[in-house]
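Subject: The structure we spoke about

Hello,

After it I go through what was found, one topic at a time.

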Amino acid sequence: MDGKLAPGLSRKLKKVLECRTDSPDVLSSLNTLSSFYAENTPQSRRNLRSSIEKRGISINVDFLEASRAAQQALDRVEDEVNALANCCDKIAKALNSCSATTGDIITTTERLKQELNVTTQRQQIVSCFLRDYQLSNQEINALREEELSESFFKALSHVQEIHANCKLLLRTHHQRAGLELMDMMAVYQEGAYERLCRWVQAECRQLGDSDNPQVSDLLRTAVRCLKERPVLFKYCAEEVANMRHNALFRRFISALTRGGPGGVPRPIEVHAHDPLRYVGDMLGWLHQALASERELVLALLDPDSIADSPTTNQMSKSQESNSQKIESDITFVLDRIFEGVCRPFKLRVEQVLQSQSSLIISYKLSNTLEFYSYTISDLLGSETALSNTLWTLKDAAQKTFFDILKIRGERLLRYPPLVAVDLSPPPAVREGVSVLLELVETYNSMMLQKKPPFDQVISALLDPIIQICEQAAEAHKSKGAGHSSRRNRMSSDSGKFSKSSVDALLSSSSTPSPQSSETSSKIFLINCLCAIQQPLWGHEVAAEYVKSLGAMIDRHIHGLVANEVDAILKRCRLSNKMSHFRDSANKESGNTPLVEIEDTSPAALSESLKAFFGLVLGSDSSLPEFEQMQVPKLRSEACIQVAKALAEIYDLTYEAIMDPKNGYSDPKSLARHPPDQIRTILGI
């Protein structure tokens, strides 16, 4: 043999070698085979196929045995289905036989059903017509009953709806029915409104019997319905006003004389000795009563004021017109209610004002009345009796205040004070400023958005005080002028033969002369004005007046400095020489030099400058220091102004002396000190 296998065996062997023994199917088959292949013998390998076939047959036999019960159940189901099909066939045959006999019945039923629908629609139409155009017996009885209840208002609302529906009915071809129904509803409506008006008037009369009445919901509903009839509504509003008018008058008199229940709170007239509390308690009572009465009237006449909330511009405009009408009705009722208390209140306040002599109290009364005038006018209206009464009393209180101010000023002007030795302000100044500060405090505490002007009060109070200070200063000046003239004559006679002219100048310049009456008067006025001005600093209401006082003080200080400088120049005999110096500085003296003029000759000028140097360089402080001026700042300012004026005068004199055209042979012997040295000595 050549070593080659037969083709069939080779193919089988190749197939065996290509077979994969690790596949899941092969593994599973081998596992199953191992369960019944017990031993590996040649006989067993030969019978392997038959063993596997027997094993398959055995499994199939077991399956048939297990499914025999299910097969039997399916057979029973099949039998029952067949029986059910037979029954259905019988029923179908019975139905087919009955359909012929019930056709007429179905046709009749359909016709009757259509007729029922038509009848039902007609019944609904009739029911809607009766509901929209007729009143029920219960509603008619509710409109005719004596006692009002919620059913009455429901029936009245239904009548109004029917009346409105009849207007729509007139637009159709049923106009006759619409007119008849409108006439019938008008009769019901007028009768109901008359009964409603009588009932509301009776309820309003009961409101006058109570101090704190409560408005029932039924009464609010009745008033809301009466707004449809303006005439009837006005009758009811007048009834409310009359009843509350009498009740409020009784309550006011009781509060004045008897007080509250059990004497708490106490009667208002117990405090008649205290004008501020007396008038304030009456005003407070009226304000509280106005708030409660307004709440009552608003709840009665305008119960929908809080519930109304406009959502569109058109609604807001219509509601605005309605609210204006309702507000006028409320104002009319409140004006009538408070009309009765005006006279007793006015009489009592006028008695307080007539017996009033205190400036502060009268001003506080005026402010209190003005505050309540604005407050009550906002609540009640400006054209009402109570508002007019309050404004009249406010004007009367203001007139009383200014009358007291006028009398006070006239009394001060009639008896002006004397100037004190230390030139201090008189007591009237301190008293007036103290009163003014208290008035300013009262003014600042006012609770008004727009306060009245205060300048008139300041002027009325302080102008007379300033006038008496000016009168006192003028009297002091005129009195001192006579004393000064006599003193000057006596001093000139006694010293005429005892001293030379230069010695007299030096002695008069080195010895401080008594303060002139004019200087004392101006210092007195400055002290008075400062005593008025300083306490008013920081008060906004007095800012303009403080500014005018400052201008007056500056004017008086300027005059005081000018007088003192003029007095110094006269003492040094430089006064008559200053005009020549000014003309020389302005080049208006012509060709005549100063040395040739008698007043500005070297001898006269030497004596005057020696006296001037004696004042400036003297160790006894011969310059004025204004010790009696009570404000240190003003005192220092006045001294500085005097020093500046003297320095300027010396500058002018020095320039005139040093000018060569004036012909002074030895000018440095006359003006020994340069201007800078004089300014240093004067401290400027």
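Before anything else, a term: a residue is called buried when its relative accessible area is under 20%, exposed when that value is over 50%, and partly exposed in between. Please also keep in mind that this is a predicted model.

Salt bridges

Side chains of opposite charge can pair when their charged atoms come close. In this model the count comes to 15 salt bridges, and I describe some of them here.

One of them joins the side chains of lysine 394 and aspartate 395, with 3.8 Å from N to O.

A second salt bridge brings together the side chains of aspartate 403 and lysine 399, at 3.0 Å from N to O. Both residues belong to helix H13, where they are 4 residues apart, or about one turn of the helix. Aspartate 403 is partly exposed, with a relative accessible area of 31%, while lysine 399 counts as exposed, because its relative accessibility is 54%.

Threonine 392

Helix H13 (residues 385–414) also holds threonine 392, which counts as partly exposed at 40% relative accessibility.

Aromatic rings

A pair of aromatic rings is described by the distance of the centres and the angle of the planes. The count for this model comes to 12 aromatic pairs. Among them is the pair of phenylalanine 401 and phenylalanine 402, which is edge-to-face, with 5.2 Å from centre to centre and 70 degrees between the planes. Phenylalanine 401 is buried, at 1% relative accessibility, and phenylalanine 402 also counts as buried, at 19%.

Why is the pair of phenylalanine 612 and tyrosine 650 called stacked? The planes of the two rings are at 0 degrees and their centres are 5.7 Å apart, and planes under 30 degrees apart count as stacked. Because phenylalanine 612 lies in helix H20 (residues 602–617) and tyrosine 650 in helix H21 (residues 632–658), the pair ties together parts that are 38 residues apart in sequence. Phenylalanine 612 is buried, at 2% relative accessibility, and tyrosine 650 is buried with a relative accessible area of 2%.

There is also one aromatic cluster formed by Tyr363, Phe401, Phe402, Tyr443 and Phe454.

Patches on the surface

Val126, Phe129 and Leu130 make a nonpolar surface patch of about 260 Å². Of these, phenylalanine 129 has its place in helix H4, residues 48–133, and counts as partly exposed at 36% relative accessibility. A negative surface patch is formed by Asp75, Glu78, Asp79 and Glu80. Glutamate 80 is also placed in helix H4, and with a relative accessible area of 58% it is exposed.

Backbone angles

Most residues other than glycine have a negative phi, and most peptide bonds are trans. Leucine 423 is not a glycine, yet has a positive phi of about 60 degrees; it is found in the loop between H13 and helix H14 (427–444) and is buried, at 3% relative accessibility. Arginine 573, likewise not a glycine, has a positive phi of about 55 degrees. Arginine 573 lies in the loop between helix H18 (543–571) and helix H19 (578–585), and is partly exposed, with a relative accessible area of 45%.

Best wishes

Terms used: Residues numbered from 1 in each chain as written. Predicted model: local features only at pLDDT ≥ 70, side-chain atom pairs only at ≥ 80, totals over all residues. Heavy atoms only, no water. Patch = residues over 30% accessible without salt bridge, like charges linked within 9 Å, V, L, I, M, F, W, Y side chains within 5 Å. Areas by Shrake-Rupley, 256 points an atom, 1.4 Å probe, with all protein chains shown as cover. Salt bridge = Lys/Arg side-chain N within 4 Å of Asp/Glu carboxyl O. Helix = DSSP H or I, 4+ residues; strand = E, 2+ residues; numbered from the N terminus. Buried < 20%, exposed > 50% of the residue type's maximum accessible area, 1.4 Å probe, protein only. Lys, Arg positive; Asp, Glu negative; His and termini not counted. Charge placed at Lys NZ, Arg CZ, Asp CG, Glu CD. Phe/Tyr/Trp six-rings, centres within 6.5 Å; stacked < 30°, edge-to-face > 60°.
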